[in-house]
Amino acid sequence: MTSGRVPVRDGELFFDERGAGHPLVLLHSGSLDHRMWDGQVGPFVRAGYRVIRYDARGHGQSTTPKSDFAAYEDLHELLTRLDVNRASLVGLSYGARTAIDFALAYPNTVEMMVLASPGVSGMQFTDPAILALMQQQAEAAQARDVDGYVEYFLRAWVDGPQRTPGAVDAELRERCRKMARDVIDAHAAGTGALRELGALERLRELTTPLLVLVGDLDSSDIHTVAGRIEAEAQFAASAVVPGTGHTLAMEQPAAFNAAVLTFLERARLAR
């Protein structure tokens, strides 16, 4: 196991890597950190991968943004510093959003991708339930109600619009609550803006084999985006994970891990 920090423009990224073999990079969801992948590292290492996970800028133990930045450029800097010339990417939500931008900017660096509960740069939210929760979250931020801010995040992106908090595993919610609270405590003073590529109108440029995974209880916006990726990317497949929401890798790790490893093995054999 190796962990540490690598320099990026105007900051540093915390990373953790284990195992040997083909590099497999795990990109976490927004408002969480590298710990969301605790249920994936062991199985992926045992499957023969060099598993690299890291905290995106403004999350976990990485630098608080003080100037404008691009998450996909941070990823490129990380891989360069770790001497990784080509890798497969597994991203969830914001992590998938970063993976897509990275694959557009550096297509020869990406071998395969798994995009779970994907966001895509340039997408707009239209789900009424999610918009209402985002408004309540903004009001909590205005009132400096940190607990309320985190709770509305959990309701939108852990519970999802189709479930009440009581219908979701309490340990899962608490893990996500702690990570989200840690992000606020460490990075609330951040001032830099995120620069992205507007990938929603460039999905046809994605040429790497990719798998899209979505929980059936996730928001309609995520399902719409997932459908567009599958329809427009050149070599895409998709699957719906039943009985789960946005944080599906944490909520159903066994099903998620099996789907990811099966896809990676089959895609490699097909090449």
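**Reading the pocket and the core**

Modeller: The lining of the largest pocket divides into 20 nonpolar, 12 polar and six charged residues. Asp, Glu, Lys and Arg count as charged; Ala, Val, Leu, Ile, Met, Phe, Trp, Tyr, Cys and Pro as nonpolar; the others, Gly among them, as polar. This is a predicted model: local features need pLDDT of at least 70, side-chain atom pairs pLDDT 80 or more, while totals for chains, interfaces and linings use all residues. Numbering starts from 1 along each chain, and side-chain values use heavy atoms, without hydrogens or water.

Biologist: Which residues are closest to the centre of the largest pocket?

Modeller: Rolling a probe the size of a water molecule over the atoms shows where empty space is left. A pocket is an open set of 1 Å grid points where a 1.4 Å probe fits, with protein on both sides within 12 Å along at least five of seven lines; lining residues have an atom within 4 Å of a point. Here the volume, the space filled by probe spheres set on the points, is about 1,200 Å³. Of 38 lining residues, G30, S31, H59, Q137 and Y149 are closest to the centre.

Biologist: Which residues touch the most other members of the largest nonpolar core?

Modeller: In soluble globular proteins, nonpolar side chains tend to be buried together. A nonpolar core joins buried (under 20% relative accessible area, 1.4 Å probe, protein chains only) Ala, Val, Leu, Ile, Met, Phe, Trp, Tyr and Cys residues through side-chain atoms within 4.5 Å. This core has 79 residues, and I229 and F256 touch the most other members.

Terms used
Buried means under 20% relative accessible area, exposed over 50%, partly exposed in between (1.4 Å probe, protein chains only).
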